[in-house]
Amino acid sequence: MKKLPPAFYEQEDVVQIARALLGKVLYTNWNDGPAKGRIVETEAYAGLQDKASHAYRGNTPRTQVLFETTGTAYVYLCYGLHQMFNIATNTKGIPHAVLIRAVAPLEGIELMLQRTGKKMADASLTRGPGNVGKAFGFHRSQSGWSLQSNALYIADDGYEVPDEAIGISPRIGVDYAGADALLPYRFYIKGNPYVSGKVKL
DNA sequence: CTGACGATTCACT
DNA sequence: GTGAATCGTCAGC
């Protein structure tokens, strides 16, 4: 397992990054133990050109991380209860991001059960961005954390996702974005039980 | 300071 | 299919 280097996050095309993150391993280890999971669903948010992106509205205290850092976590609270984990990409000054929507648990299942209050490790444990945030213990105070940290990073363990196993669709929950809601910026591994929404083949 | 609302989830009908 | 939970963020006064 090797951490993805800063150069990975600095690539220009956020959509390519979203595609490339499928199959990679998300790792966290705060104060209460390690958790690991394979990324099976992502969405790209193309900053200023994209009405669905938080950054579309400009640089605010919340979105500052997107504008001023790269290769860092962008964590925010949605609907007052869900911690959503994103990755800030591209060079500084360009507020692109990738949302991690779903993960398949690899390690630290007990910890995830404890955090989510679930008793059984079924597919709902890490399916959907709100659940991923909860299972991995993300909190908005972690926004701005480097992904080169020992407590938080994304790694490549050699697992590869063939092109034919990748599904592409419009993003979920962004209807308010008008035409931009139709952009094919969502990537997922076909047939994986942890992928949120309807399963398309 | 105030008010409207959201990159969602889950329980219930 | 419908609706509640729940609070930080941001625009507007």
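Modeller: Let us start with Tyr-79, which has a backbone N or O atom 2.6 Å from a base oxygen of DNA strand C. This is a polar contact, a pair of N or O atoms within 3.5 Å; within protein, one must be able to donate a hydrogen and the other to accept it, and residues adjacent in sequence count only if both atoms are side-chain atoms. The model is predicted, with local features needing pLDDT of at least 70 and side-chain atom pairs pLDDT 80 or more, while totals for chains, interfaces and linings use all residues. Residues are numbered from 1 along each chain as its sequence is written, chains are lettered from A and ligands numbered from 1 in the order in which they are written, and side-chain values use heavy atoms, without hydrogens and water.

Biologist: Where does Tyr-79 lie, and is Tyr-79 buried or exposed?

Modeller: Tyr-79 is in the loop between strand 4 and strand 5; helices (H or I, at least four residues) and strands (E, at least two) are DSSP runs numbered from the N terminus. Tyr-79 counts as exposed because its relative accessible area is 71%; the terms are buried for under 20%, exposed for over 50% and partly exposed in between, with a 1.4 Å probe and protein chains only. The phi of Tyr-79 is near 55 degrees, a positive value in a residue other than glycine.

Biologist: Which other residue has a positive phi without being glycine?

Modeller: Asn-90 has a phi near 65 degrees. This residue sits in the loop between strand 5 and strand 6. Asn-90 counts as buried because its relative accessibility is 4%.

Biologist: Which residues surround DNA strand C?

Modeller: A residue is near a strand if one of its heavy atoms lies within 4 Å of it. Around DNA strand C are Thr-60, Pro-61, Arg-62, Leu-77, Tyr-79, Gly-80, Leu-81 and Arg-140. Of the atoms of DNA strand C that come within 4 Å of the protein, 77% belong to sugar and phosphate.

Biologist: How does DNA strand B divide between sugar or phosphate and bases?

Modeller: Of the atoms of DNA strand B within 4 Å of the protein, 51% belong to sugar or phosphate and the rest to bases. The side chain of Asn-86 brings an N or O atom 2.3 Å from a base nitrogen, and Ala-52 places a backbone N or O atom 3.4 Å from a base nitrogen. An N or O atom in the side chain of Lys-118 is 3.3 Å from a phosphate oxygen of DNA strand B. Strand 5, strand 6 and helix 5 each supply at least two residues of this surface.

Biologist: How does one find a pocket?

Modeller: Rolling a probe the size of a water molecule over the atoms shows where empty space is left. Here a pocket is an open set of points, on a 1 Å grid over the protein atoms alone, where a 1.4 Å probe fits, with protein on both sides within 12 Å along at least five of seven lines; lining residues have an atom within 4 Å of a point. The largest pocket is lined by 21 residues, and Tyr-45, Tyr-76, Cys-78, Met-84 and Gly-173 lie nearest its centre. Two or more lining residues come from each of strand 4 (72–78), strand 5 (82–89), strand 6 (96–107) and helix 5 (129–135). By class, the lining has 14 nonpolar, 6 polar and 1 charged residues; Ala, Val, Leu, Ile, Met, Phe, Trp, Tyr, Cys and Pro count as nonpolar, Asp, Glu, Lys and Arg as charged, and the others, Gly among them, as polar.

Biologist: How do the lining residues of the second largest pocket divide?

Modeller: They are 4 nonpolar, 5 polar and 3 charged. The lining includes Lys-51, His-54, Thr-60, Arg-62 and Tyr-176.

Biologist: Which residues of helix 4 are buried?

Modeller: They are Leu-111, Met-112, Leu-113, Arg-115 and Thr-116. These buried residues pack against strand 3 (34–45), strand 6 and helix 5, where contact means heavy atoms within 4.5 Å. The side chain of Arg-115 reaches the backbone oxygen of Phe-136 at 3.5 Å. Just after helix 4, Gly-117 takes a positive phi of about 80 degrees.
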